[in-house]
Amino acid sequence: MVESRLTRILLRLGVAATLAFIYVPLILIAVYAFDASVTQSWPINAFTTKWFSVAYHDDNVRQALWLSVRAALGATAIAIVLGTLTALAVSRFKFFGRDVISLVVILPIALPGIITGLALRTTYTTVGIDFGLLTIIIGHATFCVVIVYNNAQARLHRVSGSLEEASSDLGADSWQTFRHVTFPQMRTALLAGGLLAFALSWDEVVVTIFTAGAQQTLPIWIFANLFRPIEQPVVNVVALFVIVMSLIPVWIAQRVTAERPGTARRA
Amino acid sequence: MSSIPYEAPPPRQSLGRRLSTFFYRHPHLSLALLLVAPITCFVVGYLGSLAVLLLASVWNVDPFTSQVVHTYTLANFRRIVEEPVYREVAWRTIRMAALVTVADAILAFPIAYYMARIASPRTRNLLVVAVLMPLWASYLVKAYAWRTILSGEGALNWALSPFGVSFHGYSTTGLWLVFTYLWLPFMILPIYAGLERIPESLLEASADLGGRSVRTFVRITLPLAFPAVVAGSIFTFSLTLGDYIAPKLITSQQFIGTVIYDNHGTNLPVAAAFTLVPIGVMIVYLVVARRLKAFEAL
C-alpha cells in the first residue's frame with residue numbers, strides 16, 4: 001500500500017459521493033412513480049399506486065410496449081446471428097481486411113446515434129421503404145451486433161481452437177463440432193451478449209425516433225408525452241418500468257458471465 | 001502360412017463428413033460462407049446508408065414545394081460555413097463536449113482509483129456492477145429524471161433552499177450537469193481498467209525513492225493512466241456531440257444534435273451537411289486518440 005491513511009479516507013468519501021450522484025436520480029424516478037399529485041414537485045406529499053393501474057390500462061402504452069418487445073426481440077435475433085458469424089470469422093481465420101471488419105462493426109456505437117438514425121431515415125425515404133417494425137429492427141440491429149460480437153469474440157479469444165481441431169480429428173463433421181464443441185463454449189457469452197443487446201434495443205430512443213415513422217416504442221411514447229403536464233404521472237410509471245426492464249437483462253448477463261473471474265470485464 | 005491380405009474397407013463417408021472435409025480443404029470458402037451475411041448486411045444496411053446521407057448533403061430543396069430534389073449543389077455547405085449561427089452552434093457543442101469530458105474525468109478518477117487499488121476483490125466486483133448497471137439503464141429515463149430534479153420545484157432547489165440558494169436548472173449549466181451525469185460510467189470503467197494495469201511495484205519504487213504520495217500520483221500514476229482517460233473521453237465527447245434529447249429536455253438552446261433534428265424534416269440536405277461536423281470532429285478525435293495510445297486502453 002502506497003496510499004496514506006488520509007488518502008484512503010478521502011477516496012472512500014469520494015466513492016460514496018460518486019455512487020450517491022449516480023443513484024439518487026434513479027431512486028427519485030422510482031419514488032415519483034408513487035406520487036399522488038399530478039403536478040410534480042419535491043418533496044412528495046401523498047403516495048399512491050393508482051398511476052400503475054392507469055398506465056396498465058392505457059392502450060397507447062400497451063401498443064408501445066408490444067412494439068418495443070417485438071423490436072428488441074427482432075434486433076437481438078439478428079445481432080446474435082450476425083455477431084456470432086463475424087466473431088467466428090475474425091477469431092478462427094486470418095485474412096486480409098480482418099482489422100477493417102472489427103473496426104467497421106464498432107462504427108455504429110463510435111459515431112453519434114443521430115448520424116445512424118438520420119442516415120437510415122434518408123435511405124428509407126429515398127429508396128421508398130415504408131416505416132414499420134422492420135425499419136426499427138434494422139436500426140437497432142446496427143448497434144446491437146457489436147455487443148454480441150464483442151462478447152462472442154472475447155470468449156473465442158480465450159478458448160483455444162485446438163479443441164475444434166481435435167473434434168474433427170475424431171471424426172465429427174463441422175456441424176457436430178459446432179454443436180458439441182464450439183457452441184457449448186460460447187453459450188454463456190452469447191446469452192450475455194443477447195441479453196445486453198435486448199437491453200440496449202429496449203430503451204433506445206436516439207436512432208429509433210428517426211426510424212419509427214409514426215409508430216411509438218415505449219421510449220418514444222415517453223419522449224412524446226413528457227412535455228405534457230397531464231400525462232406526467234403515467235410517464236413516471238412507464239419510466240420506472242422501462243428502467244427496471246432494462247436492468248433485469250443486464251443483471252442476468254452479469255451473473256451469467258461472472259462465474260469465471262475476468263469474463264465480465266468488458267461487457 | 002498364407003494369410004489373406006486384409007484390406008480395410010473405405011469408411012463410409014456421410015454427406016456431413018464429406019462436406020466438412022471439403023470445407024477443411026477450402027478454408028477460404030468456409031470463411032466466405034461465414035462472412036457473406038454479416039458483410040452484406042453491414043455494407044448494404046449501414047455503410048450504404050451513410051453513403052446516402054453524404055449524398056443527401058449535396059442535394060437541393062425546391063424553394064416552392066420544399067421537396068428534396070436530387071440535383072447537386074454545394075450551397076448547403078456554404079450555408080453552414082457562412083451563416084454565423086451554425087458556427088456558433090458547432091462551437092457551443094464542442095465546448096460543451098470538452099467541459100463534460102473534463103468534469104467526467106475529474107469525477108471518475110477517485111472512484112476508479114479506489115476500485116483499482118484499494119478495494120478488496122469482493123468490493124471491487126460489487127463496485128464494477130454498481131457502475132456498469134446505470135450505464136445500461138435507459139438514457140432517456142435518466143435525462144427525464146434530471147428534468148424533474150432541475151425544475152423550479154424539483155429536488156435540487158429543495159435541497160439548496162435551506163442555504164438560501166436557488167439554481168436555474170433549465171440552463172446551459174444544468175445541461176452540463178446532466179451530460180456529466182449521463183456519461184460518467186463510460187469514463188469510470190476505462191480509467192479503472194487502466195489503473196488496474198499499472199504494476200504496484202512502480203508505485204512502490206517511487207515511494208522507495210522518496211516520492212511523496214502526491215508526487216507519485218502526479219509523476220507516475222497520472223501519466224500511465226492518461227491513455228485510459230483519453231479512451232473514456234472518446235465516449236463522453238462523441239455522445240455529447242450528437243445528442244439532441246438532453247438539450248431538448250433541459251434547455252431551449254441549440255446544439256449540433258438539435259439543429260440536425262429540427263431540420264431533418266424541413267431541410268434534409270442542410271441537416272445532412274451539418275452531420276459532417278460531428279463526423280469530422282470525431283475522426284480527428286479518434287486519430288489523435290490513437291496517437292495517444294488510447295485504443296490499447298479500450
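**Two chains, two residues**

Chain A is divided into domain 1 (1–27) and domain 2 (59–257); these bounds come from an automatic or database domain assignment. Taken over C-alpha atoms, the centres of domain 1 and domain 2 of chain A are 34 Å apart.

This is a predicted model, in which local features need pLDDT of at least 70, side-chain atom pairs count only at pLDDT 80 or more, and totals for chains, interfaces and linings use all residues. Residues are numbered from 1 along each chain as its sequence is written, while chains are lettered from A and ligands numbered from 1 in the order in which they are written.

Now one residue of chain A. N60(A) sits in helix α3 (residues 59–92); helices are DSSP runs of H or I, at least four residues, and strands are runs of E, at least two, numbered from the N terminus. Is N60(A) partly exposed or buried? It counts as partly exposed because it has 13 C-beta neighbours inside 10 Å. The cut-offs are 20 or more other C-beta atoms within 10 Å for buried, 12 or fewer for exposed, and partly exposed in between, with C-beta atoms placed from the backbone. Leaving aside neighbours within four places in sequence, N60(A) is in contact with Q216(A) and W221(A), contact being C-beta atoms, placed from the backbone, within 7 Å.

On to chain B, which has 13 helices and two strands. Of its 298 residues, 42% count as buried. L286(B) lies in helix α13 (residues 268–291). L286(B) is partly exposed because 18 other C-beta atoms are within 10 Å. Its C-alpha atom is 7.3 Å from that of I234(B), 52 residues apart along the chain.

Conventions
Two residues are in contact if their C-beta atoms, placed from the backbone, lie within 7 Å.
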